[in-house]
Amino acid sequence: MQGTIDFPILTWITFLPILGIIIILLVPSGKDEAGQELSKKIIRWVAAGITFVQLVLAILIYMFYNPAMAGINELASFQFVEKVSWIHASLPMVGDINIEYFLGIDGISVPMVLLTAIICFVAVFPSFGINKAVKGYFAMYLLLDLGMMGVFCALDFFLFYIFWELMLLPMYFLIGIWGGPRKEYAAIKFFIYTLVGSVFMLLVMIGLYHSVGSFNILDMMNASNFKDGSIFGGMGTTIRYVAFMALFIGFAIKVPMFPFHTWLPDAHVEAPTPISVILAGVLLKMGAYGMIRIAFPIFPDAFGYFQTLIAFLGMVSIVYGALCALGQHKVGKRDFKKLIAYSSVSHMGYVILGLSSMRPEGMTGAIFQMFNHGTITAMLFMIVGVIYDRAHTRGLDDFGGLAKKMPVYTGLMAVAFFAAIGLPGMSGFISEVLIFLGSFNSYPILTMISGLSIVLGAAYMLWALQKIFFGAIPEKWQGPWDPTRTKYKTDDINGLELTALLPLAIIIIFLGIYPNPILNLMTGSVNHFIELMKPFVYIGGHLTGM
Amino acid sequence: MTHDAVLLLSIIILLTPLLSFLINVFFGGKLGKISGIIGTSILGIDFVMAIVVAFTKLVTYPDIHTIQTRFEWISLGPIKVVIGYGIDNIAAMMLIVVTLISFLVHLFSTEYMSDDRRYPKFYAYLGLFTFSMLGIVIANNFLLMYMFWELVGISSYLLIGFWYEKNSASNAGKKAFITNRIGDLGFFTGIMILYMTYGTFMFDEVFAGISSGVMPFNSPTFLTLAGIGIFLGAMGKSAQWPLHVWLPDAMEGPTPVSALIHAATMVAAGVYLVAKVFAMFTADALTFIAAIGTITAFVSATIAITQVDFKKVLAYSTVSQLGFMIMSLGVGGYTNGFFHLVTHAWFKAALFLAAGSVIHAMHHAMHHMHDHHTDPQDINNMGGLRKTMPWTYRTFLFVTLALSGVPLTSGFLSKDGLLAGTLAYANLTGGWHWIIPVMGFAAAGMTAFYMFRLTIVAFHGEPKTKIASHTHENKSVILIPLIVLSVLSLWFFYSPTPIDGSKGWVHRLVVQPASAVPAAYQWSFLLPEHAGEASPAMHAEGEGHEAAATEELHHEAQPAAHATTHAYLNKFQEESHHFHYIAMFLSVLIAGGAIGLAFMIYQYKVISADKLEARLKFLHTFSLNKWYFDELYQATVIAGTVALSKMLSWFDTYIVDGLVNLSAYITRGFSFITGLFDNHVIDGAVNLIANTTGFVGARLRKVQTGHIQTYLVFVLVGLLVLLYYFSINF
């Protein structure tokens, strides 16, 4: 099916939500109660429709994408490229400003575009339960969608930065307005933390612009484009190391990596279910994506210098996240969402470890892990959402015996939980194994310590499973969730929830058995990336044939 | 049948139980009781196909070659992940073991589980388990083996915790899975070392890599460590000390599950793995394996003596027997170890199914008498079952004889060979290695003792409770599997003579593969015999000899690589033959003595059990409390992890996040100060200007009188001033 599309598909997939926002804002609110209900219904289905079209476009991109072309630093091998001059001005004092509207994707971004489309589509369904300011909610939701999609398509640093900031604002409001009891604290924490990272990024971006003369990310990867005597000119200078660290911290906050992770549990605990889904499913990937797209290839020398430190921090995230998930210390206040939030810290640590190995296995595993963590954690948060909607609590100590009450739900939950502990036959297993195989070659000791999470992960996941699904049902949940049978006709999950969960479960199992549809996308780019980085980085030389 | 047909059929054998799983998971609710029939028939067909495959392999292609295939699973550009599957002789035999026991357990459960609310789900899980286990059997590479290994772990978790309403059951499932994962961490580390060094997961390619002399990190120590790592995985699954603690707890699962998983198949997977990758173990790794096996066999036998729960006795007995198999493999008795795996699978499955039959009858009797407090598994509540359940008793007695190693049974053949192997090993290596046969024989004696204690207390004498006297023999669906398995424990299936297992087809077909490890790092007595020279044991070698050994390596490399696919005889086998009659004599003597002792204590009460208990108070308590391993782990590993995780959680909330919040407070404090500055200094300055202006304005206001005369005076004065000014300048 590979070929070309003479149609600005990336612009469409990115800016399609604008269309949705306009329609949603034009929907009249309705005068009486029935009218208001109808208006809400229309808004919800418009959002579902728009994200569905986006998903179709993403699938088209997937089908027409040619995996043989590597991308990374060669304009010619990027696909669906759109490149026009956007802002070209000569300003006093500042000099020439040359910003391009430059979109294009390669093997690193295609899986992310696909993931974003999938997650944004499925997260619409849990959003149907939101009743407060529906119009505003879905407008924000679609704006967030736009920002995320833009980040994964942009190849101009300035454009990237705009999308990066664009996604921040709706997220702030989505947590701050539709969130839980401590929503203001969580929202502001998220906002300011990310903004700190953005400031670092902005400074480095300006410095890079002065050194290279354009915002083109591809140009920045070529050392010969740096002007002589410019601040980032030359290799291995202190200022480059500092700049790399600034960028790295900016992205590490987003991942989030130890010790910059504490905004995540708060944000997750307070965010409404669909926003947690997007946060874990897509937003966290932007940090790691930024490292691969920007920080590592632009400053390969600095990456080489800090490589072991980064691998170490990845290991710490893995083990620390797992232990924190296991040890929420206030009995009675142990929160299901917090557990999953910490497990995200642990699972995203794998991504960092895999990237720092600079082996094809490790890096492919890392990107695949980004995709898998997106689907698996999205599913986990939706599962929490299902019981939270019914019981209005997420306390791990408040439940028990749900397996008996909700068998279908328990079956889907088993898929997500077992995928999260890396059970073979589920996608998470393959990415974790690839990461370990890669990183063992470069960092055997760190990898072995990280391996502890194989045991710890099983411990906290099975512990949560037992608390919620096994044992006896507590007194207060003995009866049906909804005695009037208006909102919940049965005790088990409803059709809407199934619509959101089932596709994810199918993806997780399918990719667990046959991962090639996603792995093939990135193979070319990953190998090219490693070739690019090779002169600067440490790659363990034990493996034969490398 | 051609090779391709064998491979095709084995993949069908693998996938049919998965079909059973899928049918029962998705349509179980509608199928109800039919799900049991579907599951059982699918396994029946599977068993027939397994027989076809196994006989084709063992009869048509009996050589040591593996009928195998490989294919690319994942492609990462220049790096390809290749996996595959294949049938060798031990896989062929395992196929029969797994499918037959699984089929019999399916059949048994149609009656045993008939009252259960989640009957279809039970069959679904059995299907999933059988699928995973068959995957382990036919895997010919580390990756696929590891994948099915984990799947076996999860299906075991689901089946142990099948009655999840009971907290003890879900705890036991969790414990089993996590303990196994600890072993798997080692297994996976081993795989990573091998993959890093040889760039492949395939068994044969790894062995070829090892025999070419390439070492992980250029050091044989790491080859030993890789071997120990992989063995750690086997220790988890096969419940070897110190990871044995999960298996007795796993008895919380339904009894047919215990028979299938925790007696015959899953727990044998560890032994099977060690046999499968036997060629890669160095002498040091083998010593480690032998030591672990011996300790396991001995420790768990001592625990089994005092347990009062019917299934717990059998569970510790299983652990002990698995220890025997591992010990045998460790000392180099490859064939003996695998032989014992097969014979043990039949009689231990029979023992557990008989236990299930007893418990089922006890349950029914309790139900009948409206008693819900008596423990139906406590042997002190039984007694006299010989009369009420004659067929269960007969089969149980027979397989008990097999387990005790009494002549005319299969257990005698395999255990005898195994013990002879330990004697041969000790004689060849000397020194402290003599402990291995000593502990082995002691454990064998204890086996006979505790099995007859169990038989006598539960089946002989008078009923100890009313319930026991009200038990009835079970339906034939329950008895048929028992009888089939008992018959399979007769000697003539394995050897023409009832006293020597090595004359049988097992020893002809299950031949030890040549070690891939270069001669310098391997026991000399395990290497192929050549030119009749018998070099002394490894540890006797001096510095000078080391160099010679390394030189020999180069000569060795070619034949060794070749030898991995060929059977051969070695010094160990020769020595085992010498010890055969001694071992036979000793084991019959010890088993007979132990059985006699059990009769004296429990049947004829010549020796008072209570007095003996009081006399050996300390030992008895120690054994009854399972050497306090659970308590030890609780106090160290578990408490340590929990404490660490709580501490880190606290650290995260108050220190890491505290710093974040602190920086927010500092920023706010700073902004408060700047706010003050802003209010009082900057804004003060602004206000000062404003105030000054106001003051000046107020003063100046006085000028604004509103009288036209005053203004005219100002105008006049102003004009005069201007005129004066300009007149001066011009």
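**Figure 1. A salt bridge links B:Glu165 to A:Lys404.** In this predicted model, the closest N and O atoms of B:Glu165 and A:Lys404 are 3.3 Å apart. That falls inside the 4 Å cut-off for a salt bridge. Chain B and chain A share 2 salt bridges. Across all chains, the structure holds 21.

**Figure 2. A:Lys189 forms a salt bridge with B:Asp657.** Here the closest N and O atoms are 2.5 Å apart. A:Lys189 sits in helix H7 of chain A, residues 183–212, and B:Asp657 sits in helix H26 of chain B, so this pair joins two chains.

Figure 3. Together the two chains bury about 5100 Å². Carbon and sulfur atoms account for 71% of that area. Polar contacts are present as well: 19 residue pairs between chain B and chain A make them, with both partners at pLDDT 80 or more.

**Figure 4. Strands S1 and S2 of chain B form a hairpin.** S2(B) covers residues 79–87. The two strands run antiparallel, and 9 bridges join them. One bridge pairs B:Arg70 with B:Gly84 in S2(B). Between the strands lie 2 residues. B:Gly77 is in the turn, with a positive phi of about 75 degrees.

**Figure 5. A cis peptide bond joins A:Phe258 and A:Pro259.** Its omega is about 5 degrees. Where does A:Pro259 lie? It is in the loop between helix H9 (238–254) and helix H10 (263–270) of chain A.

**Figure 6. In chain B, a cis peptide bond joins B:Trp241 and B:Pro242.** Omega is about 5 degrees for this bond. B:Pro242 is in a loop of chain B, between helix H8 (220–237) and helix H9 (246–249).

**Figure 7. A:Phe80 has a positive phi.** The angle is about 55 degrees, although A:Phe80 is not a glycine. Look for A:Phe80 in strand S1 of chain A, which covers residues 79–91.

**Figure 8. Chain A is built from 21 helices and 2 strands.** Its radius of gyration is 23 Å, close to the 24 Å that the globule rule gives for 546 residues, so chain A is as compact as a globular protein of that length. Along the principal axes, the C-alpha trace of chain A spans about 75 × 60 × 45 Å.

**Figure 9. Chain B has 27 helices and 2 strands.** What is the radius of gyration of chain B? The value is 38 Å, whereas a compact globule of 730 residues would have one near 27 Å. Taken along the principal axes, the C-alpha atoms of chain B fill a box of roughly 150 × 75 × 60 Å.

Conventions
Residues numbered from 1 in each chain as written. Chains lettered and ligands numbered in written order. Predicted model: local features only at pLDDT ≥ 70, side-chain atom pairs only at ≥ 80, totals over all residues. Heavy atoms only, no water. Buried area = accessible area lost by both parts, 1.4 Å probe. Salt bridge = Lys/Arg side-chain N within 4 Å of Asp/Glu carboxyl O. Polar contact = N/O pair within 3.5 Å; in protein donor to acceptor, adjacent residues only side chain to side chain. Pairing = 2+ DSSP bridges. Helix = DSSP H or I, 4+ residues; strand = E, 2+ residues; numbered from the N terminus. Rg over C-alpha atoms; globule rule 2.2 N^0.38 Å.
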